[in-house]
Amino acid sequence: MKLVAAAKVRRAQEAVISGRPFSESLIEVLYSINEQLQSDDVDVPLTSIRPVKKVALVVITGDRGLCGGFNNAVLRKAETRIVELKDLGLDYTVISVGKKGNSYFNRRPSVLVDRFIERGSFPTAKEAQVIADDVFSLFVSEEVDKVEMLYTKFVSLIKSDPVIHTLLPLSAKGEVCDVSGTCVDASDDEFFRLTSKGGKLSVERDRVRTNKAGFLPNMEFEQDPVQILDALMPLYLNNQILRALQESLASELAARMNAMSSATDNAVELKKSLSNAYNRERQAKITGEILEIVAGAEALL
């Protein structure tokens, strides 16, 4: 299982790394288009900020076990976030992605689950679109006012972190607040996000990035820029979900590889200790029999 996980994790790691340039380029395109619309009143549904009364939690887990504490870490973070939302007096609903999460929430009828979604063997855009369509309909229909995604961020083969990422609305951290004006963002909200500061779209990032050449100031759009934004926003949402699925899979495979490596090392150590214990007992028994023979021979003399 260690060798199988090691073979798969390389492919998953390549998918994570190769997907990042497209994700960041998409952000740059959205940002550049926005630069041309500073004087326009842009109305994009996915940036609509309203008082938060209900939050949807997209919880991404694995389909299999034997991967250490990978699934437990995500589920513990989900339980902690649910408690935080309850303390804020907010309603919530869970969208569970992955067999382990589905099984966990099925055993807990007290947790409100909107939908259970099965994962494929390898994340695809079609699979991400299923989740994106669900959260999009929930948000646009105003059934929920905020959508958060809980998944495991791939850092390296020996490190991964469960994180919370605000999907909708595409807003600045601290701007999504409940009816009492209290901010409901998670304290460790992760990743760069599209924002709507001052009524204008902009971009926040969690690290310094190299500036790229944007659109020329005199560039004219063949279509209405608002239509372009309306087309790019769902693509952005789908891309973020696909990226989370890829990161989660890579983290799961890395965790399984490390867990199976530890299990192998523990088995070798256990075998060694049991062999030593067996040899000591065997030697003690042989020594005892020799002493009995010697004692019997001396008694006959």
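Which pattern does the chain follow, read along the sequence? The answer is α-β-α-β-α-β-α-β-β-β-β-α. The secondary structure comes to five helices and seven strands. Helices (H or I, at least four residues) and strands (E, at least two) are DSSP runs, numbered from the N terminus.

This is a predicted model, in which local features need pLDDT of at least 70 and side-chain atom pairs count only at pLDDT 80 or more, while totals for chains, interfaces and linings use all residues. Residues are numbered from 1 along each chain as its sequence is written, and side-chain values use heavy atoms, with hydrogens and water left out.

**The chain as a whole**

Of the 301 residues, 44% count as buried. Buried means under 20% relative accessible area, exposed means over 50%, and partly exposed lies in between (1.4 Å probe, protein chains only). The accessible surface comes to about 16000 Å². Carbon and sulfur atoms hold 54% of that surface. These areas come from the Shrake-Rupley method with a 1.4 Å probe; for residues, only the protein chains shown count as cover. Contact means heavy atoms within 4.5 Å. Among contacts between residues at least 6 apart in sequence, 73% join residues at least 24 apart.

**Two residues**

| Residue | Place | Relative accessibility | Class |

Leaving aside neighbours within four places in sequence, Gln246 is in contact with Ala15, Val16 and Pro123. Gly69 and Ala255 are 186 residues apart in sequence. In space, Gly69 and Ala255 are 8.0 Å apart, C-alpha to C-alpha.

**A strand pair**

Strands β4 (residues 146-156) and β5 (residues 159-168) run antiparallel. Nine bridges join them. Two strands pair if DSSP finds at least two bridges between them. Glu148 has Thr166 in β5 as its bridge partner. A hairpin joins β4 to β5 through two residues.

**The largest pocket**

About 380 Å³ of space lies in the largest pocket. A pocket is an open set of points on a 1 Å grid over the protein atoms alone, where a 1.4 Å probe fits, with protein on both sides within 12 Å along at least five of seven lines. The volume is the space filled by probe spheres set on the points. Lining residues have an atom within 4 Å of a point.

The lining has 16 residues. Lys8, Arg64, Ser121, Leu249 and Leu253 lie nearest the centre. Helices α1 (2-35) and α5 (225-300) each supply at least two residues of the lining. By type, the lining divides into six nonpolar, three polar and seven charged residues. Ala, Val, Leu, Ile, Met, Phe, Trp, Tyr, Cys and Pro count as nonpolar, Asp, Glu, Lys and Arg as charged, and the others, Gly among them, as polar.
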